[in-house]
Amino acid sequence: MVSLRFLLCFLFVSSVYATIVSHDGRAITIDGHRRVLLSGSIHYPRSTPEMWPDLIKKSKEGGLDAIETYVFWNAHEPTRRQYDFSGKLDLIRFLKTIQDEGLYGVLRIGPYACAEWNYGGFPVWLHNMPGMVFRTTNKSFMDEMQNFTTMIVDMVKKEKLFASQGGPIILAQIENEYGNVMGPYGESGKAYIKWCANMAQSLDVGVPWIMCQQNDAPQPMVISSV
């Protein structure tokens with residue numbers, strides 16, 4: 001039988017390591033305090049794991065509070081349901097390196113990545129699926145996007161890397177710069193972005209989700225300009 005004293009001690013120790021990240025309409029709050037955070041991008045596949053510690057250390061020395069990165073779908077799933085997280089694609093190792101340096105992380109799952117990255121980060125096999133239409137209320141696209149997003153979230157959760165678990169990741173991003181192209185999609189675009197928000201929230205990561213350049217982002221998404 002677990003004693004009440006042991007249970008209370010366990011709950012106290014667990015809560016010490018969790019970081020409460022929220023927002024109040026004016027700023028991101030960390031453990032209830034408004035913060036102005038300076039963030040910089042490091043795209044892990046564009047360097048090697050041996051380079052990451054020095055790059056992140058120099059970022060900290062230069063005054064950054066957080067490191068953000070896209071997650072590159074076409075690199076991680078070059079063939080449908082065949083995944084690669086080895087070498088310079090070792091996302092978890094990269095995130096742990098951020099944690100080791102004492103910086104926050106911003107995980108931009110997308111899955112669309114700008115970043116001058118081939119095909120916006122979409123796998124070529126996705127294009128070749130029958131009836132496929134990208135970034136709209138198309139069941140084939142939404143199923144594949146949800147599968148990849150969920151897999152990434154589950155990997156990160158397993159390693160306890162979200163701030164709610166004591167990890168470095170204070171924000172996660174779903175979709176990317178969709179507001180710039182949504183107009184031609186009409187009502188289907190509006191329905192899609194609402195679906196994105198609901199899908200992301202259902203993954204229960206314990207930190208806010210952001211949408212970049214999406215002025216009509218559904219609540220409780222945080223709108224980001226970059």
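Strands β5 and β6 are paired in the parallel sense over five bridges, where two strands count as paired if DSSP finds at least two bridges between them, and where helices (H or I, at least four residues) and strands (E, at least two) are DSSP runs numbered from the N terminus. Within this pairing, Tyr70 stands opposite Arg108 in β6. The model is predicted, with local features requiring pLDDT of at least 70 and side-chain atom pairs counted only at pLDDT 80 or more, whereas totals for chains, interfaces and linings use all residues. Residues are numbered from 1 along each chain as its sequence is written, and side-chain values use heavy atoms, with hydrogens and water left out.

The two strands belong to an open sheet of six strands, arranged in the order β4-β5-β6-β7-β8-β9 with parallel pairing. Because β4 (39–41) and β9 (222–224) stand at the edges with a single partner strand each, one side of each is left without a neighbour in the sheet.

On one side of β5, β4 pairs with it in the parallel sense over three bridges, and Ser41 stands opposite Glu68 in β5. β4, helix α2 (residues 52–61) and β5 together make a right-handed β-α-β unit, right-handed meaning that, with the strands pointing away from the viewer, the path from the first strand over the helix to the second runs clockwise. Five of the five residues of β5 are buried, that is, under 20% relative accessible area, with exposed being over 50% and partly exposed in between (1.4 Å probe, protein chains only); Ala66, Glu68 and Tyr70 point one way from the strand, and Ile67 and Thr69 the other way.
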